[in-house]
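Here are my notes from going through this one.

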Amino acid sequence: MHAPVLVLRDSLKRESGRKVHHANIQAAKAVADIIRTTLGPRSMLKMLLDASGGIVVTNDGNAILRELDLAHPAAKSMIELSRTQDEEVGDGTTSVIVLGGEMLHVAEAFIEKNYHPTVICRAYSKALEDAIAVIDKIAMSIDVNDRPTMLGLVKSCIGTKFTSQFGDLIADLAIDATSIVGVDLGQGLREVDIKKYIKVEKVPGGQLEDSKVLKGVMFNKDVVAPGKMKRKIVNPRVILLDCPVEYKKGENQTNAELVREEDWEVLLKMEEEYIENMCAQILKLKPDLVITEKGLSDLACHYLSKAGVSAIRRLRKTDNNRIAKACGATVVNRPDELQESDVGTGAGLFEVKKIGDEFFAFIVDCKDPKACTVLLRGASKDLLNEVERNLQDAMSVARNILKNPKLLPGGGATELTVSAALKQKSSSIEGIEKWPYEAAAIAFEAIPRTLAQNCGVNVIRTMTALQGKVLTFFCRVNGFFAYLYS
């Protein structure tokens with residue numbers, strides 16, 4: 001048997017065995033240490049330069065890690081962990097990294113003692129199952145229709161963020177927006193798609209207190225012919241198209257050879273008749289507003305403005321879908337297939353307003369909108385970007401509550417309870433897995449410890465006092481159950 005021959009580039013380095021385990025753990029700890037100071041109400045904001053040279057000022061774990069350019073595979077995995085947390089939950093991106101880094105840190109001692117990684121992983125899986133069982137026990141059910149409770153819940157998520165200084169503002173915006181787009185699927189299920197149907201529109205200028213949730217949508221467009229078309233329509237009939245309202249061009253390159261001079265005029269006449277016919281099919285349904293995702297020719301613009309119809313062209317597909325949800329219209333591909341049921345009649349007002357130097361179209365006061373726009377005002381772009389990040393977190397938390405209305409105590413209380421419960425349970429675990437299981441229990445203390453560190457208090461004294469209180473609570477609970485069973 002010959003040793004395998006490896007052909008690698010000179011710049012590449014190949015490592016294996018225990019050396020790799022230690023390198024991976026060190027990389028994960030380094031990532032956790034970068035964002036450790038951004039956890040909690042006394043956390044500090046990080047100021048970063050992004051790839052395009054702009055400034056990012058934030059304490060959002062995912063936003064910070066997104067800007068890091070790393071080459072280590074384990075560190076990249078930690079960043080993916082934060083990104084997944086942001087996609088699934090929307091909040092807790094810093095906590096998950098701090099906890100992950102601590103879990104690997106406590107495992108390092110067992111690697112030194114020649115524990116096999118699968119043994120440590122088995123113990124961690126057991127600890128995970130028991131932690132979930134403890135969390136289910138202490139979780140409290142809440143009423144999603146109770147506004148003060150919901151407000152307190154969402155505020156607790158943004159209490160550690162920059163916008164906490166503005167009181168209930170962001171929490172109110174998040175609850176209002178998620179309540180609008182929530183759809184009941186029956187059997188107690190509720191779908192809240194904040195990505196598709198909630199648009200956050202940032203407009204620099206004004207004060208943050210001027211921010212509001214619109215019962216409808218707004219987008220950065222003006223009517224095609226401002227002088228000829230109305231900019232304000234009450235109770236508009238809206239038609240949405242995703243086809244061009246202009247002469248259809250050939251799919252491939254087309255050459256037409258004309259023999260006589262009159263044929264050119266015939267060709268132009270055909271084009272005009274095609275557009276006139278198209279506009280007639282649209283006007284047949286007496287719309288007040290026509291919106292298309294594609295182009296709109298000057299001739300079509302003339303026919304529509306002559307009939308007193310306002311038109312908007314080249315709108316994004318996502319915005320078109322939001323308008324459809326807000327006013328009850330259906331996006332149609334061909335004007336000849338238009339029906340009365342495709343016309344949106346749910347909007348109360350269409351208006352074009354000038355904010356700063358730009359024109360914005362509003363379709364608001366909708367009867368039963370299933371899409372909305374959150375209009376954010378603020379002093380600068382950096383401020384608005386951070387407010388948007390905080391709002392996204394708040395909306396994600398509001399969505400999670402609507403989907404699964406259960407509450408756990410915060411401020412490191414849940415983590416400390418889980419830690420104490422796992423420590424108690426570790427005495428009943430037999431075999432070599434007992435020690436990694438106990439280490440996982442100790443790792444959960446990383447969250448309250450980090451919160452204490454960021455507050456600037458005496459960490460050892462605070463943690464000892466907390467552990468004493470948790471122990472007293474568990475002794476009382478166990479004594480109560482012992483008394484019941486006797």
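How many of the 7 residues of strand S6 (residues 198–204) are buried? Before the answer, some ground rules: this is a predicted model, in which local features need pLDDT of at least 70, side-chain atom pairs count only at pLDDT 80 or more, and totals for chains, interfaces and linings use all residues. Residues are numbered from 1 along each chain as its sequence is written, and side-chain values use heavy atoms, with hydrogens and water left out.

1. The answer for S6 is 5 of the 7, so the strand is largely enclosed by the rest of the structure. Buried here means under 20% relative accessible area, exposed means over 50%, and partly exposed is in between (1.4 Å probe, protein chains only). Helices (H or I, at least four residues) and strands (E, at least two) are DSSP runs, numbered from the N terminus.

2. S6 belongs to an open sheet of 3 strands with mixed pairing, in the order S6-S16-S7. S6 and strand S7 (212–214) are the edges, each with a single partner strand, so one side of each has no neighbour in the sheet. On average, neighbouring strands are turned by 25 degrees against each other, direction ignored. Two strands pair if DSSP finds at least two bridges between them.

3. S6 runs parallel to S16 over 7 bridges, with Lys202 partnered by Leu376 of S16. S7 pairs with S16 in the antiparallel sense over 3 bridges, and there Val213 has Val374 of S16 as its bridge partner.

4. Helix H12 (residues 381–403) lies across S6 and S16, at about 160 degrees to S6. Contact means heavy atoms within 4.5 Å. Axes are lines fitted to C-alpha atoms, for helices over the stretch in contact, and angles run from 0 to 180 degrees between N-to-C directions.

5. There is also an open sheet of 4 strands with parallel pairing, ordered S12-S11-S10-S13. Its edge strands are S12 and strand S13 (331–332), each pairing on one side only. Strand S11 (residues 289–292) pairs with S12 over 3 bridges in the parallel sense, and Ile291 stands opposite Ile312 in S12. Helix H11 (residues 317–327) lies across strand S10 (238–241), S11 and S13, at about 150 degrees to S10.

6. S12 (310–312) turns up again with helix H10 (residues 298–306): the buried residues of H10 pack against helix H9 (261–283) and that strand. They are Ala300, Cys301, Tyr303, Leu304 and Ser305. Following H10 is Gly308, with a positive phi near 75 degrees.

7. Two non-glycine residues with positive phi are worth a look. Asn114 has phi near 65 degrees and sits in the loop between helix H4 (93–112) and helix H5 (117–138); at 59% relative accessibility, Asn114 counts as exposed. Asp365 has phi near 55 degrees and lies in the loop between strand S15 (358–364) and strand S16 (372–378); its relative accessibility is 51%, so Asp365 also counts as exposed.

8. Finally, a helix pair. The axes of helix H13 (residues 413–426) and helix H14 (residues 434–443) come within 8 Å and cross at roughly 165 degrees. That makes H13 roughly antiparallel to H14 (angles over 145 degrees count as roughly antiparallel, under 35 as roughly parallel, 65 to 115 as roughly perpendicular and the rest as oblique). Among the contact residues are Leu422 of H13 and Tyr437 of H14.
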